[in-house]
Each structure stands twice: as C-alpha cells, then as structure tokens.
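Me: I would like to go through a model and learn how to read its strands, its sheet and a pocket. Can we start once it is on screen?

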Amino acid sequence: MKKLALIIATAIVSFNCAFAQDAKAKTILDQVSAKTKSYSTIKIGFTFEHKTKDDAQKSEKSAGTLLLKGQKYQLSLMGNTIYSDGKTMWTHMIDEKEVSIANVEGQGEVFNPAKMLTIYEKGFKYKFIQERFENNRAIYVIDLYPEDVKNSEFSSVRLTILKDKSQIWKIEYFAKDKNIYVITVNTFEPNVTLADSTFVFDKTKFPGVEVIDER
C-alpha cells in the first residue's frame with residue numbers, strides 16, 4: 001500500500017510539473033505573439049544552418065534576409081528570392097534566370113516564412129524546457145511537438161527566446177531523418193517602410209527570366 005501511495009504521489013507531482021511547464025510556455029509564447037503582431041513590418045537578417053545526420057558537428061551555413069508584412073514576405077537565401085503577397089508565391093532562381101509561380105495555399109506551415117515568428121500558434125503542443133544565460137543573454141527554451149506526428153516531417157522544433165525582448169532568437173527544426181535545420185536571427189528591425197510591391201515579383205526588372213506557372 002505504501003508503494004502504491006508513493007507511485008500515485010509521484011504521478012501527481014509529475015503531472016503538476018508538466019502542467020506548470022506547459023502553462024509557463026503558453027504565457028511566454030503569448031507574449032512573443034503579442035509583441036510580434038504589434039509591429040506593422042519586420043526586417044530580419046539571419047543565418048540558416050544545415051547539420052547532416054551523418055555528422056552533426058559539421059554544418060553548412062548561409063546568410064539570408066526576410067521581410068515581413070502580415071502574411072506577405074520576401075525571403076532571400078542561397079541565391080534564390082521568394083516573394084509572396086499572401087496568395088501567390090514566386091520563387092526566383094536568380095542564376096538560372098527562372099521563376100516559378102505557385103499558390104500559397106497547400107505549401108505547408110512549418111517552413112512558411114510568414115509564420116516563422118509565430119510557428120507555435122497552430123499544429124503544435126509545447127513545453128517549457130529551461131531558462132538560462134547564453135552569450136550574456138537571458139533566454140527561454142521551449143520545445144514544440146507536432147500534434148499530427150505521423151504526417152509531420154519533424155519530430156520536434158526548439159525555440160530559443162530572448163527574455164527581455166519577448167523575441168525569437170533561434171529556431172531549430174529536428175527532422176525525422178535526423179537532419180537538423182537551424183535559423184538564428186542576427187538582426188531584427190521592426191516597423192520599417194515596405195511597400196506592398198516588395199512582395200510581388202516584377203518580371204520587368206529581370207529581362208530574359210523564364211516564367212513557369214505551376215498554379
């Protein structure tokens with residue numbers, strides 16, 4: 001009987017701790033969401049890193065820029081520029097002088113640049129992991145777990161959040177095939193002036209580009 005009581009007590013404590021962690025994660029993420037949505041536009045300079053499943057110590061890094069305005073975005077990375085006005089997406093492969101056009105709907109949520117800073121709002125459960133200092137910054141670490149594990153490419157996503165700014169600093173995607181993709185925010189400029197035309201591909205600016213319409 002004493003052993004049974006100990007097991008039950010341990011289970012209750014574990015449940016309460018888990019609940020407290022999830023509640024803390026929600027509070028932090030709600031603050032991040034509110035702060036992010038308070039900006040009319042955001043300009044981000046970031047580093048994209050790919051760690052292979054064969055050697056996680058070695059990685060490929062590329063610098064990129066992301067412009068955000070609501071559901072609109074422009075992403076420049078690895079010689080490509082992607083434009084999206086929220087409905088249509090243009091992927092411009094600069095060296096190949098080719099641009100493909102697709103509908104935004106059906107492109108998936110996890111790697112959607114427009115949702116990068118609010119990825120946790122849909123399709124994930126979350127858990128507070130820890131609060132610590134890194135690079136002289138106070139940070140929160142929160143793990144996300146896909147609700148639909150079977151149909152997700154990722155087993156988990158880790159968010160590193162700057163405590164004093166309520167701002168995502170790092171996103172780590174852990175793929176089921178053991179590859180790891182890391183986005184680290186280097187610069188963050190809110191409320192910059194961005195015309196709506198910034199998020200639409202203008203063919204007249206790129207003479208000779210081949211257009212492939214996949215809609």
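Me: Which residue in S6 is the bridge partner of threonine 88?

Reply: This is a predicted model. The partner of threonine 88 in S6 is asparagine 103.

Me: Which residues is threonine 91 in contact with, leaving aside its neighbours within four places in sequence?

Reply: They are Thr81, Ile82, Glu98, Val99 and Ser100. Of these, Glu98 also has a place in another pairing: glutamate 98 stands opposite glutamate 210 in S12. S6 and S12 run parallel and are joined by 4 bridges.

Me: In what order do the strands of the sheet come?

Reply: The sheet is open and has 12 strands, in the order S7-S8-S9-S10-S11-S1-S2-S3-S4-S5-S6-S12, with mixed pairing. Strand S7 (124–134) and strand S12 (210–213) are at the edges; each has a single partner strand, so one side of each lacks a neighbour in the sheet. From one strand to the next the twist averages 20°.

Me: How many bridges does the pair S9 and S10 have?

Reply: Strand S9 (residues 154–162) pairs with strand S10 (residues 167–175) over 8 bridges, in the antiparallel sense. Within this part of the sheet, leucine 159 stands opposite isoleucine 171 in S10.

Me: Now the second largest pocket. How much space lies in it?

Reply: About 360 Å³. The lining has 19 residues, and the closest to the centre of the pocket are Lys37, Gly70, Gln71, Ala114 and Thr118.

Me: Which elements supply the lining, and what is its make-up?

Reply: Helix H1 (2–37) and strand S2 (59–69) each supply at least two residues of the lining. By class, the lining residues divide into 7 nonpolar, 6 polar and 6 charged.

Methods: Residues are numbered from 1 along each chain as its sequence is written. This is a predicted model: local features need pLDDT of at least 70, side-chain atom pairs count only at pLDDT 80 or more; totals for chains, interfaces and linings use all residues. Side-chain values use heavy atoms; hydrogens and water are left out. On a 1 Å grid over the protein atoms alone, a cavity is a set of points where a 1.4 Å probe fits but cannot get out, and a pocket is an open set with protein on both sides within 12 Å along at least five of seven lines; lining residues have an atom within 4 Å of a point. Grid points are joined across faces, edges and corners, and a volume is the space filled by probe spheres set on the points. Ala, Val, Leu, Ile, Met, Phe, Trp, Tyr, Cys and Pro count as nonpolar, Asp, Glu, Lys and Arg as charged, and the others, Gly among them, as polar. Two strands pair if DSSP finds at least two bridges between them. Axes are lines fitted to C-alpha atoms, for helices over the stretch in contact, and angles run from 0 to 180 degrees between N-to-C directions. Contact means heavy atoms within 4.5 Å.
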